[in-house]
Protein chains: 2
Amino acid sequence: MSKAKKFHHGDLKRVLFDVALQLLDRGGAEGVTIRAVAREAGVSHGAPVNHYRDREALLTALVKSQFETILNTVEEGLSVASAGSNVWIEVFATALLDFGFQYPHRYKLLWRGDLINLQDPELSKTMDQIYDKLCDEIERSLPATKFDRDTVAVGLWAMIHGYLDMRLSGMFVPLDDKVSGKPRDAALIDLFKMLMPQADSVKADALATK
Amino acid sequence: MSKAKKFHHGDLKRVLFDVALQLLDRGGAEGVTIRAVAREAGVSHGAPVNHYRDREALLTALVKSQFETILNTVEEGLSVASAGSNVWIEVFATALLDFGFQYPHRYKLLWRGDLINLQDPELSKTMDQIYDKLCDEIERSLPATKFDRDTVAVGLWAMIHGYLDMRLSGMFVPLDDKVSGKPRDAALIDLFKMLMPQADSVKADALATK
DNA sequence: TAGTCAATATAGACACCGTCAATTTAGCTA
DNA sequence: TAGCTAAATTGACGGTGTCTATATTGACTA
């Protein structure tokens with residue numbers, strides 16, 4: 001007999017997870033309270049402790065699953081990218097940007113180190129996998145530059161994350177790039193591509209904005 | 001007679017502000033509660049409402065003051081920077097990085113759009129002033145590129161903010177750049193400088209493809 | 001000097017929250 | 001069927017923000 005459908009309310013752990021994700025999308029991390037999740041799941045406020053030790057554990061589970069989603073998106077994108085090109089920049093950037101704009105509250109939660117358990121080994125592992133994928137691609141397309149591949153990896157991730165974070169915090173109004181006419185996020189990707197040395201063709205492509 | 005030192009506990013508004021900043025540095029935004037601030041100020045939990053409408057107003061006041069500090073640092077740095085050079089990149093980046101590493105909890109609060117009042121006109125004004133300073137410098141040192149100056153401004157700010165945010169969230173371990181031997185944040189500044197025309201041959205070349 | 005009054009501070013209440021402890025329930029198994 | 005154990009309930013505790021009614025203060029006025 002599977003773990004599911006065993007007790008009073010069936011697979012409560014799954015229900016709690018789904019409800020929590022729903023509440024997150026609706027009202028942000030602030031709205032994901034143990035009591036609200038229990039209420040929404042039709043269960044007493046003390047029930048969740050049997051499945052998630054505390055609020056931190058619940059939020060950590062949410063974050064873990066979302067990083068796994070992002071990892072999958074990145075892996076899928078890279079699997080169809082041609083080697084040697086710097087399509088990986090777009091793959092990685094759009095994976096984050098699309099996710100962030102589609103699920104702003106989920107994205108914000110990813111970086112709430114004060115609410116989740118950063119020591120969770122599964123969480124670290126998933127994050128490392130994403131980072132390693134990024135580094136692998138840099139290594140392949142940037143054999144030797146004056147920059148450490150980690151610096152390029154951190155630089156790209158930082159720029160994308162910073163842009164998303166500021167946008168999702170409502171800190172500034174997004175306008176299109178006045179030169180290329182592209183949305184700002186696309187212009188930022190082009191900007192970053194300029195840092196890639198061997199990409200004369202790519203650079204030309206990036207700059208050939210009409 | 002000034003507003004200060006007028007009632008029961010003297011300039012309570014000032015005391016509340018100072019205590020709140022202290023609590024912020026100690027325990028992050030989570031630790032800045034109306035009741036804790038009142039307790040620390042030796043006053044009843046209902047007293048603060050006379051000076052800050054609610055918690056959001058108190059936190060917004062903190063954020064406002066910190067952005068003003070950053071603006072001052074940027075202005076001072078720019079006042080001694082030679083025109084036409086790329087020094088503004090360092091001035092802007094180090095203003096944020098130094099502030100963030102010195103006061104991590106203050107920095108994190110700056111971007112907690114869910115805790116503060118983003119509509120506050122004084123707050124928007126200070127943020128706009130910082131952004132405009134940045135754009136002015138870009139305009140002066142990058143007369144004509146394929147990129148909108150706003151894209152360069154957003155790109156720099158996003159990269160610095162993203163790096164700081166990830167570092168302060170405890171999301172990754174900082175290592176030195178293996179090529180230059182510099183700390184990662186310094187390497188990121190160098191990375192960004194490559195986008196500026198008068199620095200290296202690579203980007204001058206790229207920009208020449210206009 | 002006595003009186004007025006608005007600004008300020010207090011104290012209590014309410015509805016939340018997370019978490020803990022004691023208790024009851026449900027489902028499996030021996 | 002009896003017993004065992006995981007799961008769920010219930011109630012409590014201390015914390016939070018914010019709202020009320022009440023009391024105090026201090027500055028100005030008559």
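Modeller: Gladly, with the reminder that this is a predicted model. From the N terminus on, the elements of chain A run α-α-α-α-α-α-α-α-α, and chain A has 9 helices and 0 strands.

Biologist: Which percentage of the contacts in chain A between residues at least 6 apart in sequence joins residues at least 24 apart?
Modeller: Chain A has 210 residues, of which buried residues make up 40%. Among the contacts in chain A between residues at least 6 apart in sequence, the share that joins residues at least 24 apart is 61%.

Biologist: How are the two copies related, and as by what kind of axis?
Modeller: Two copies of a chain are related by a rotation about an axis and a shift along it. Here chain B is superposed on chain A, with an RMSD of 0.1 Å, by a rotation of 180° with 0.0 Å of shift along its axis. The two copies are thus related as by a two-fold rotation axis.

Biologist: What percentage of the contact residues of chain B recur in chain A?
Modeller: The contact takes 38 residues from chain B and 38 residues from chain A. The same surface serves both copies, and the share of the contact residues of chain B that recur in chain A is 92%.

Biologist: Which element gives the largest share of the side of chain B that touches chain A?
Modeller: The elements of chain B that give two or more residues to the side touching chain A are helix 1 (12-31), helix 7, helix 8 (184-193) and helix 9 (201-208). By class, that side of chain B has 19 nonpolar, 9 polar and 10 charged residues. The largest share, 12 residues, comes from helix 7 of chain B.

Biologist: Is helix 7 of chain B largely enclosed or open, and how many of its residues are buried?
Modeller: Helix 7 of chain B, residues 149-168, reaches 28 Å from its first C-alpha to its last, close to the 28 Å expected for its 20 residues at 1.5 Å a residue. Just after helix 7 of chain B, Gly170(B) takes a positive phi of about 75°. Helix 7 of chain B is largely enclosed by the rest of the structure, because the number of its 20 residues that are buried is 19.

Biologist: How are helix 7 of chain A and helix 8 of chain B oriented to each other?
Modeller: The axes of helix 7 (residues 149-168) of chain A and helix 8 of chain B come within 10 Å and cross at roughly 75°. Since angles of 65 to 115 degrees count as roughly perpendicular, helix 7 of chain A is, relative to helix 8 of chain B, roughly perpendicular.

Biologist: Which residues make that contact, and how many of them are charged?
Modeller: Helix 7 of chain A contributes Thr151(A), Val154(A), Gly155(A) and Ala158(A), while helix 8 of chain B contributes Arg184(B), Ala187(B), Leu188(B) and Leu191(B). By class, the contact of helix 7 of chain A with helix 8 of chain B has 5 nonpolar and 2 polar residues, and the number of charged residues is 1.

Biologist: Is Ile70(B) buried or exposed?
Modeller: Ile70(B) lies in helix 3 (residues 55-79) of chain B. Leaving aside neighbours within four places in sequence, Ile70(B) is in contact with Ala95(B), Leu96(B), Phe99(B) and Ile130(B). The C-alpha atoms of Ile70(B) and Thr126(B) are separated by 9.4 Å, although these residues are 56 residues apart along the chain. Because Ile70(B) has 21 C-beta neighbours inside 10 Å, Ile70(B) counts as buried.

Biologist: Which residues does Leu118(A) touch, not counting residues up to four places away in sequence?
Modeller: Leu118(A) is found in the loop between helix 5 (104-110) and helix 6 (121-141) of chain A, and with 14 other C-beta atoms within 10 Å Leu118(A) is partly exposed. The C-alpha atoms of Leu118(A) and Thr60(A), 58 residues apart along the chain, are separated by 8.2 Å. Not counting residues up to four places away in sequence, Leu118(A) touches Gly113(A) and Gly170(B).

Conventions. Residues numbered from 1 in each chain as written. Chains lettered and ligands numbered in written order. Predicted model: local features only at pLDDT ≥ 70, side-chain atom pairs only at ≥ 80, totals over all residues. Helix = DSSP H or I, 4+ residues; strand = E, 2+ residues; numbered from the N terminus. Expected span 1.5 Å × (residues − 1). Buried ≥ 20, exposed ≤ 12 C-beta atoms within 10 Å, placed from the backbone. Contact = placed C-beta atoms within 7 Å. Least-squares fit on C-alpha atoms with pLDDT ≥ 70 in both. Nonpolar A, V, L, I, M, F, W, Y, C, P; charged D, E, K, R; others polar. Axes fitted to C-alpha atoms, helices over the stretch in contact; angles between N-to-C directions. Parallel < 35°, antiparallel > 145°, perpendicular 65-115°, else oblique.
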